[in-house]
Amino acid sequence: MTKKLRVGIVFGGRSGEHEVSLLSAASILQAIDRKKYDVAPIGINKAGHWLIAGAAQGLLEGGGESGPKPEKKLRAGDPAATPGARVLAEGQPTLLAPEPEKPSASALTKSDAAALDSHAALGGQSLDAVFPVLHGTFGEDGTIQGLFELAGIAYVGSGVLGSSAGMDKDVMKRLFAQAKLPMVKHVTLLRAEWERSPRKAIAQIEAALQYPVFVKPANLGSSVGISKAHNRKELAPALDLAAKYDRKLVIEQGVGGKRSKARELEVAVLGNDDPKASVVGEIIPGKEFYDYEAKYLSEGSAAVIPAKLSKADTKLIRDLAVAAFRACDLSGLARVDFLMEPDGKQRIFLNEVNTLPGFTSISMYPKLWEATGIGYKELITRLIELALERHAEKSRNTYSREE
Ligand SMILES: Nc1ncnc2c1ncn2[C@@H]1O[C@H](COP(=O)(O)OP(=O)(O)O)[C@@H](O)[C@H]1O
Ligand SMILES: [Mg+2]
């Protein structure tokens, strides 16, 4: 039998999606293949402290009441009964030493084998790989990925660059544009520009776009700070709100016009250098758009898998999803989201990539793969394998001039 690998599951975090992360982690802890992996849960509380569970094994074996009841909990955002919540409540503080445990492969020799074998230490634990089950700021944006790079550890998902590019709606759009991918028209403004000359900013937006427009902080997620402005009167408050969350504001042409709302289509992408797209799914928000409440608090939104689309549109969307993944230099996984005109020309626009999408067993990303033929447990295994593969590939790099 091959040796079991030790995988750290990092969850919680400082972002507004802390609770979603607890639920995703609980699902993963329940489903991960224990024949292949030993699991080390590592929690980050809302204050940013890192915690490990003294009685991690007990927590994980807890079964019954420690398991998440995803549907209800996801909506309610209630973490109380998840193992993750208990690690946070009872875990011991841990220090993080972002140092590679062994010299990097390049410092040793050119041996590829050594790279695969490289253990790394994190939070005082020796780990073969980490699955950051973190969403949003400090989890999905390249910051923690930078820490894993310093620690020389394999990790699930995109690297520093892809994670931060995927988080920044302004930079993401530049990469999409360069790859000639279809997007709605938009204007990017600095918060400073909006505050210095509001009239000029409004004139600039109105010259480029027609109401309704969507106003967003460039970096965030979960629809926090996003509003739909139907007219000039609603524009200024929308910009003020977004300006609370980021120094860059993105204002977009609303899809669907004044009377109807956009169709929201989502594709799961999996892979490293040869990424594959899942079937297409559709979210039908219970509200005027898919805002925070529709995502997490109300029960009114529904998912349709596969989405009702023509063969040609399905193919186009799947191809665009892979192209978006490549354009942002992503790896491992991403959920790629689209907006489609509900009538008229039914044009399709790329909306965004999510590099660490919701990952409970009933979240869209795993459900899309399930519908494509990869079950939840197998998906987790595949993601860990992709993390190791990417790490091994990267370990071939030499970081200083060879003699
Ligand atoms: N240009 C747009 N036209 C129509 N609806 C939009 C547009 N941009 C965003 N929305 C709505 O707002 C939601 C959140 O926007 P999104 O850019 O996906 O932000 P987040 O990163 O927070 O998920 C979308 O799921 C959609 O319902
Ligand atoms: Mg979104």
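Before going on, a word on what you're looking at. This is a predicted model, where local features need pLDDT of at least 70 and side-chain atom pairs count only at pLDDT 80 or more, while totals for chains, interfaces and linings use all residues. Residues are numbered from 1 along each chain as its sequence is written, chains are lettered from A and ligands numbered from 1 in the order in which they are written, and side-chain values use heavy atoms, with hydrogens and water left out.

Back to ligand 1: it is surrounded by 18 residues, and the closest are Lys 169, Lys 216, Ser 223, Glu 264 and Glu 352 (near means a heavy atom within 4 Å). Lys 169 puts a polar side-chain atom 2.5 Å from an oxygen atom of the ligand, and a polar backbone atom of Ser 223 is also 2.5 Å from a ligand oxygen. On the nitrogen side, an N or O atom in the side chain of Glu 252 sits 2.9 Å from a nitrogen atom of ligand 1. The protein covers 96% of the 540 Å² of accessible area that ligand 1 has on its own (Shrake-Rupley method, 1.4 Å probe).

How far can you trust the chain? Its mean pLDDT is 85, with 83% of residues at 70 or more; pLDDT is the predictor's confidence in each residue, from 0 to 100. Over residues 55–78, though, pLDDT stays under 50. Where pLDDT is low, the predicted coordinates should not be read in detail.

Terms used
Contact = heavy atoms within 4.5 Å. Polar contact = N/O pair within 3.5 Å; in protein donor to acceptor, adjacent residues only side chain to side chain.
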